[in-house]
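Here are my notes on this model, as numbered points. Please read them with the structure open.

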Amino acid sequence: MKTFKILMIIGVVSVGLLSFTKLVQEEWKVPAKYQTMKNPVEASKSNVDLGKTLYAKHCKSCHGKEGLGDGPKAEEVDGNLGDFSSKKFQAQTDGALFFKSYFGRDDMPSYEKKMPEKDDMWAIVHYLRTLKK
């Protein structure tokens, strides 16, 4: 009986530590260079429209039509897809959104090869701004 209690305590502590580790790993650090980077692409209607088209091609399948994280492939992703309309998401700088979207991590793919023109990702950032509540 004593061995069982010890194993239970070890099990509970292990699960707690694993949960904590998972929370720490989810923080997405954006390098200072990107945190302060300004969008070099003009926020014109044509660039927002381009961003919308590219979003539909590259992002909508996971992030959903309105950026709510409810796309048809969303269930295949382990991480949180976020809500692009939220105040928390929209409070990020353009450079931070570019960095996360372009370089990716974990289930979020890198677009360095799929989208070699960085201005295309900057156009998507302009489109993401239109999704705010």
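1. Is P31 buried, partly exposed or exposed? The model is predicted, and the values here are computed from it. P31 is partly exposed, because its relative accessible area is 35% and the buried class ends under 20% while the exposed class starts over 50%. P31 belongs to the loop between α1 and α2. Its C-alpha atom is 8.3 Å from that of A96, although the two residues are 65 apart along the chain.

2. Overall make-up. The chain has seven helices and zero strands. Read along the sequence, the pattern is α-α-α-α-α-α-α. Of the 133 residues, 36% count as buried. Among contacts with a separation of 6 or more, 59% join residues 24 or more positions apart.

3. Helix α6. This helix covers residues 94-103. Nine of its 10 residues are buried, so α6 is largely enclosed by the rest of the structure. The buried residues are G95, A96, L97, F98, F99, K100, S101, Y102 and F103. Note that K100 is on that list. The packing partners of these buried residues are α2, α5 and α7. After α6 comes G104, with a positive phi near 65 degrees.

4. Helix α7. This helix covers residues 118-129. Here nine of the 12 residues are buried, so α7 too is largely enclosed by the rest of the structure. The buried residues are M121, W122, A123, I124, V125, H126, Y127, L128 and R129. They pack against α3 (45-58), α5 (87-90) and α6. The length of α7 also checks out. At 1.5 Å a residue, its 12 residues should span 16 Å, and the end C-alpha atoms are 17 Å apart, which agrees.

5. The loop between α6 and α7. D106 is found in this loop. D106 has a positive phi of about 50 degrees, although it is not a glycine. Is D106 buried or exposed? It counts as exposed, because its relative accessibility is 73% and the cut-off for that class is over 50%.

6. Aromatic pairs. A pair of aromatic rings is described by the distance of the centres and the angle of the planes. The structure holds 11 such pairs. One of them joins Y34 and F98: the centres are 6.3 Å apart, the planes are 20 degrees apart, and the pair is stacked. This pair links distant parts of the chain, with Y34 in α2 (residues 32-35) and F98 in α6, 64 residues apart. Y34 counts as buried because its relative accessibility is 12%. F98 is buried as well, with a relative accessible area of 2%.

7. A second pair at F98. How are the rings of F98 and F103 arranged? Their centres are 6.3 Å apart and their planes lie at 85 degrees, so the pair is edge-to-face. The cut-off for that class is over 60 degrees. Both F98 and F103 are buried. Ring pairs link Y34, F98, F99, Y102, F103 and W122 into a cluster. Of these, F98, F99, Y102 and F103 are buried residues of α6, and W122 is a buried residue of α7.

8. A charge over a ring. The charged end of K114 sits over the ring of Y111. The distance to the ring centre is 5.0 Å.

9. V77. This residue lies in the loop between α4 and α5. V77 counts as buried because its relative accessibility is 17% and the cut-off is under 20%. Leaving out residues up to four places away in sequence, V77 touches C62 and D107. The C-alpha atoms of V77 and C62 are 8.0 Å apart, and the two residues are 15 apart along the chain.

10. The largest pocket. Rolling a probe the size of a water molecule over the atoms shows where empty space is left. The largest pocket has a volume of about 1100 Å³. It is lined by 34 residues, of which W28, N80, L81, G82 and R105 are the closest to its centre. The elements that give two or more residues to this lining are α1 (2-26), α3, α4 (60-63), α5, α6 and α7.

Definitions and conventions: Residues numbered from 1 in each chain as written. Predicted model: local features only at pLDDT ≥ 70, side-chain atom pairs only at ≥ 80, totals over all residues. Heavy atoms only, no water. Helix = DSSP H or I, 4+ residues; strand = E, 2+ residues; numbered from the N terminus. Buried < 20%, exposed > 50% of the residue type's maximum accessible area, 1.4 Å probe, protein only. Expected span 1.5 Å × (residues − 1). Contact = heavy atoms within 4.5 Å. Phe/Tyr/Trp six-rings, centres within 6.5 Å; stacked < 30°, edge-to-face > 60°. Lys NZ or Arg CZ within 6 Å of the ring centre and 35° of its normal. 1 Å grid on protein atoms, 1.4 Å probe; cavity = no way out; pocket = protein on both sides within 12 Å on 5 of 7 lines; lining within 4 Å. Points joined across faces, edges and corners; volume = space filled by probe spheres on them.
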